[in-house]
Amino acid sequence: MSANSAPTAETEAGKPSGSGLRLPSIPFWVQIVAGLVLGVLLGWLARSQDISWLVTTLDKVGGLFVQLLKLAVAPLVFFAILVSITNLRKVNNAARLATRTLLWFMITSLIAVAIGLAIGLITNPGAGTDLTPKDGAKPESAGSWIDFLTGIVPTDVITPFTELNVLQIVFMAAVAGIAALQLGEKAKPILTLSESVLELLQKALWWVIRLAPIGTVGLIGYAIADYGWDLIGKYATFTADVYIGCALVMFGVYPLLLATVAKVSPLQFFKGAWPAIQLAFVSRSSVGTMPVTQKVTERLGVPKEYASFAVPFGATTKMDGCAAIYPALAAIFIAQIFDVQLGIGDYILIAFVSVIGSAATAGLTGATVMLTLTLSTLGLPLEGVGLLLAIDPILDMMRTATNVAGQALIPVIVSAREKILDHDAYNSATSSPVPDSESVSEPEDAKAPGVPVTV
């Protein structure tokens, strides 16, 4: 460490600087927890005392936070995917890395959906809820395989951005990235501009992320005020199943893979990935969390060029919580409410949809599209979606945390298997928040010696 870096480190830690004393800042995770507690208290107060203005305020605060996240989604996804694909030109064995990444996405999705099915069959989440088919309502829009396949290609280049069709945005970004690779040096000005725009978007998104504790108060508070504990009680088994299933995947399957396949410390992984996991739990958006996920993945020793491909790719397609555990449990739950018997073939179809159709979740809050895709494939009534919408925000927190943990996990596993993981960086990763000054596109010469920046 150079002599000039010491004062900076002391200042960031809240220690005395040359100009005087600086009060220590409150850790971000403490701010998040405080937001959760305050949100629950305000939600309970608003519901128990029937304070309508407080309910409206909580709704507006939480809604504005989600709206700010969604505002950055379309351009962020486009430029992140475009830049990530073109960054593969800097990586040796790029095709091998991409193939291995996709393969591990599929393997972990199959494991997750199997766990979801097993829990659902053991607990029978739809039994004893007092819910009936008439309690459900058919969604305004539903996913189908025809819509999924034909909807990948947009009719124009504007509509996907205005209607926030992330799957079509990913398609256009992938085409643009591959075309840029083919053009070579001729595309360099476009790539430079794209990287600059991506940096700008990430900087703006950091400002939104800093508002997460306030957004937490609104989101959690409104959920409690609007739904109440009585409604949550009707879905107690199903809610517990989702949380248990996600916990088994995140704290059972993932550590096992890290210890046996990657041969690294699982505890160290969660320590390094914690900033992204906690933000995902609050924001309920894999895409909104993507800049943080990429930074913690790099801090865990994954080469920057590979992480810049794997993380954006995973943020739009790697959904163990929303696209594997949840639709498996939801299908069993809805089938029991509507008294429909599922067979072995149906369970195989659920697994198939979870692995192939996970891109339909698009990294946004909620997994309604994925659920309607699963139900339509099985021939179950789409009115069942309405049964779960009320409880969805509470479920989505744990689902998204699991998604993001998996999105950080796979690059670590692949890097370890391909012997490109920086074990020194991995073992020294901490759970401290990633500051917005720590740029994803940090110049290579600014990195510490020994950290590989090329494969």
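**Entry 1: before starting.** I am working with a predicted model, and I keep that in mind throughout.

**Entry 2: salt bridges.** How many salt bridges does a search of the whole structure find? My search turned up 6.

I looked at Glu-418 and Arg-100 to begin with. Their side chains form a salt bridge, with 3.0 Å from N to O. Where do the two partners sit? I found Glu-418 in the loop between helix H18 (392-417) and helix H19 (423-428), and Arg-100 in helix H4 (residues 94-123), so this pair ties together parts that are 318 residues apart in sequence.

Glu-418 has a relative accessible area of 19% and is buried; the cut-off for buried is under 20%. Arg-100, at 28%, is partly exposed.

**Entry 3: around Arg-399.** I then turned to Arg-399. Which residue bridges to Arg-399 with closest N and O atoms 3.1 Å apart? That is Asp-392. Asp-396 also forms a salt bridge with Arg-399, and there the closest N and O atoms are 2.8 Å apart. Asp-396 and Arg-399 are both in helix H18, 3 residues apart, which is about one turn of the helix.

Is Arg-399 buried or exposed? I read 0% relative accessibility for Arg-399, which counts as buried. Asp-392 is buried too, at 8%, and Asp-396 is likewise buried.

I also noted a network elsewhere: salt bridges with shared partners join Arg-96, Arg-100 and Glu-418.

**Entry 4: helix H3.** I took helix H3 (residues 52-87) next. It has 36 residues and spans 51 Å from its first C-alpha to its last, close to the 52 Å expected at 1.5 Å a residue. Where does H3 bend? I located a bend of about 40 degrees at Val-73, and a proline, Pro-75, follows within four residues.

**Entry 5: helix packing.** For these I wrote down two values per pair, as two packed helices are described by the angle between their axes and the distance between the axes.

H4 packs with helix H15 (residues 344-356) at an angle of about 140 degrees, and their axes are 9 Å apart. The two are therefore oblique to each other. I logged the crossing of H4 past H15 as right-handed.

Helix H12 (residues 286-299) packs with helix H13 (residues 304-317) at about 155 degrees, with 9 Å between their axes. That makes H12 roughly antiparallel to H13. H12 also passes H13 in a right-handed crossing.

Entry 6: I finished with residues separated in sequence. Val-385 belongs to helix H17 (residues 384-389) and is buried, at 2% relative accessibility. How far is Val-385 from Ala-330 in space? I get 8.7 Å, C-alpha to C-alpha, for a pair 55 residues apart in sequence.

Val-340 has its place in the loop between helix H14 (321-337) and H15. It counts as partly exposed, at 33% relative accessibility. Val-340 and Leu-380 are 40 residues apart in sequence, and I noted 7.8 Å between their C-alpha atoms.

Technical notes. Residues are numbered from 1 along each chain as its sequence is written. This is a predicted model: local features need pLDDT of at least 70, side-chain atom pairs count only at pLDDT 80 or more; totals for chains, interfaces and linings use all residues. Side-chain values use heavy atoms; hydrogens and water are left out. A salt bridge is a side-chain nitrogen of Lys or Arg within 4 Å of a carboxyl oxygen of Asp or Glu. Buried means under 20% relative accessible area, exposed over 50%, partly exposed in between (1.4 Å probe, protein chains only). The expected span of a helix is 1.5 Å times one less than its number of residues. The bend at a residue is the angle between axes fitted to the seven residues ending there and the seven starting there. Axes are lines fitted to C-alpha atoms, for helices over the stretch in contact, and angles run from 0 to 180 degrees between N-to-C directions. Angles under 35 degrees count as roughly parallel, over 145 as roughly antiparallel, 65 to 115 as roughly perpendicular and the rest as oblique. A crossing is left-handed if the near helix is turned anticlockwise from the far one by less than a right angle, and right-handed if clockwise.
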